[in-house]
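Biologist: I am new to this structure and would like a guided tour. Could we start with the terms that we shall need?

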Amino acid sequence: MNLEGKVVVITGASAGLGAHFSQLLVEKGSKVYGLARRKAKLDELRSELGPLFTGVECDVADESAVGNAFKGILESEGRIDVLVNNAGLGIFGPAEDVTLDEWDLQVNVNLKGVFLCTRAVLPAMKAQNEESGFGGHIINISSVAGLLGNPNISTYNVTKFGLKGYSEALFKEVREDGIKVSCFFPGSIQTDFFKSAGLPMSANPMTSEQLGSTLIHVLETPDNYLITEIVMRPLRPKG
Ligand SMILES: NC(=O)c1ccc[n+]([C@@H]2O[C@H](COP(=O)([O-])OP(=O)(O)OC[C@H]3O[C@@H](n4cnc5c(N)ncnc54)[C@H](OP(=O)(O)O)[C@@H]3O)[C@@H](O)[C@H]2O)c1
């Protein structure tokens, strides 16, 4: 896909990977709508990136907030070419210490949020395919924790394994509608993720820039070339 002029929605755009993805896509000339809860952070990003970036205050786990956000974007633009389901969090600790609130929060953001945002774009992408023969591209940010269970991250594992299954099912379901679905499985990346997760970051993580260059590569592939899954890791996580 040529990204210039395309309409892109990125969830979790206020920080980390999502903020960097927004910057790269604005540099490509895309019109980026960044969803997150912290409006002040989105406003800061708008000042940095300019009018091609629009922040939309939205909790992706809230059905009506997601419905309103996507309704607004579709009313303004008439289309959505790319959805990056990036918003997510982990709260780590022994299985017996996980509270119901911690379970619900991770499942609601990492899985329900992806479901709600994806459901909101599919009709538009299918209509785009009817018009032009290509519907769009959905990127889901899972984790190596979507491939490997590990001690103290059981709830996060559930959500990221779930996202693998959702992505695979969706890819098979909508490929004939001209819609690409790709799922990323990164290891440690240097962001604020570990602050809220309650685990130290690995000593030598990947960077948002490295992930961003892969995102752009995957999005710019020719229409009939689909990369369904990518695992990315630091070569020497311990430094
Ligand atoms: N960093 C890593 O090592 C790593 C590795 C593998 C996978 N990942 C995945 O990469 C994705 C991005 O994480 P990151 O590393 O960039 O972490 P981050 O720096 O903590 O950023 C997380 C983003 O998600 C947003 N978010 C959280 N809850 C939300 C909600 N309910 N509604 C809307 N947005 C919400 C946050 O915005 P607000 O707080 O403003 O809402 C923030 O913009 C996540 O899915 C994470 O699981 C990260």
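Modeller: A residue is called buried if 20 or more other C-beta atoms lie within 10 Å of its own, exposed if 12 or fewer do, and partly exposed in between, with C-beta atoms placed from the backbone. Residues are numbered from 1 along each chain as its sequence is written. This is a predicted model, in which local features need pLDDT of at least 70, side-chain atom pairs count only at pLDDT 80 or more, and totals for chains, interfaces and linings use all residues.

Biologist: Is Asn157 buried, exposed or partly exposed?

Modeller: Asn157 is partly exposed, because 19 other C-beta atoms lie within 10 Å. Asn157 belongs to helix α5; helices (H or I, at least four residues) and strands (E, at least two) are DSSP runs, numbered from the N terminus.

Biologist: Which residues does Asn157 touch, not counting those up to four places away in sequence?

Modeller: With that exclusion, Asn157 touches Ala145 and Gly149, where contact requires C-beta atoms, placed from the backbone, within 7 Å. Between Asn157 and Val144, 13 residues apart in sequence, the C-alpha to C-alpha distance is 8.9 Å.

Biologist: What about Ser142: where is it?

Modeller: Ser142 sits in the loop between β5 and α5. Ser142 is buried because 26 other C-beta atoms lie within 10 Å. Leaving out residues up to four places away in sequence, Ser142 touches Lys160, Leu163, Lys164, Cys183, Phe184 and Phe185. The C-alpha atoms of Ser142 and Asp62 are separated by 20 Å, and these two residues are 80 apart along the chain.

Biologist: And Asn152, what is its phi?

Modeller: The phi of Asn152 is positive, about 75°, although Asn152 is not a glycine. Most residues other than glycine have a negative phi. Asn152 is found in the loop between β5 (136-141) and α5 (154-174), and it counts as partly exposed because it has 16 C-beta neighbours inside 10 Å.

Biologist: Let us turn to the strands. Why is β1 described as largely enclosed?

Modeller: Five of the five residues of strand β1 (residues 7-11) are buried, so the rest of the structure largely encloses it. In a regular strand the side chains alternate between the two faces of the sheet. In β1, Val7, Val9 and Thr11 lie on one side and Val8 and Ile10 on the other, and all of them are buried.

Biologist: In which sense do β1 and β2 pair, and over how many bridges?

Modeller: The two strands pair in the parallel sense over five bridges; pairing requires that DSSP finds at least two bridges between two strands. Thr11 has Leu35 of β2 as its bridge partner, and Val7 stands opposite Lys31 in β2.

Biologist: How many residues of β2 are buried?

Modeller: Six of the six residues of β2 are buried, so β2 is also largely enclosed by the rest of the structure. Lys31, Tyr33 and Leu35 point one way, while Val32, Gly34 and Ala36 point the other way.

Biologist: Next, helix α2. Which of its residues are buried?

Modeller: In α2 (residues 39-49), the buried residues include Leu42, Leu45 and Leu49. They lie on the same side of α2 because they cover an arc of only 60° around the axis, the arc being that of the directions from the helix axis to the C-beta atoms. The face turned away from that buried side carries the exposed residues Ala40, Asp43 and Ser47.

Biologist: What covers the buried residues of α2?

Modeller: The cover includes α1 (16-27), β2 (31-36) and β3 (53-57). After α2 comes Gly50, with a positive phi near 85°.

Biologist: Finally, which residues come nearest to the ligand?

Modeller: Of the 29 residues around the ligand, Gly12, Gly16, Arg37, Arg38 and Gly88 come nearest; to be near, a residue must have its C-beta atom, placed from the backbone, within 6 Å of the molecule or strand concerned. The largest share of this shell, three residues, comes from α1, and α1 and β2 each supply at least two.

Note on methods. Contact = placed C-beta atoms within 7 Å.
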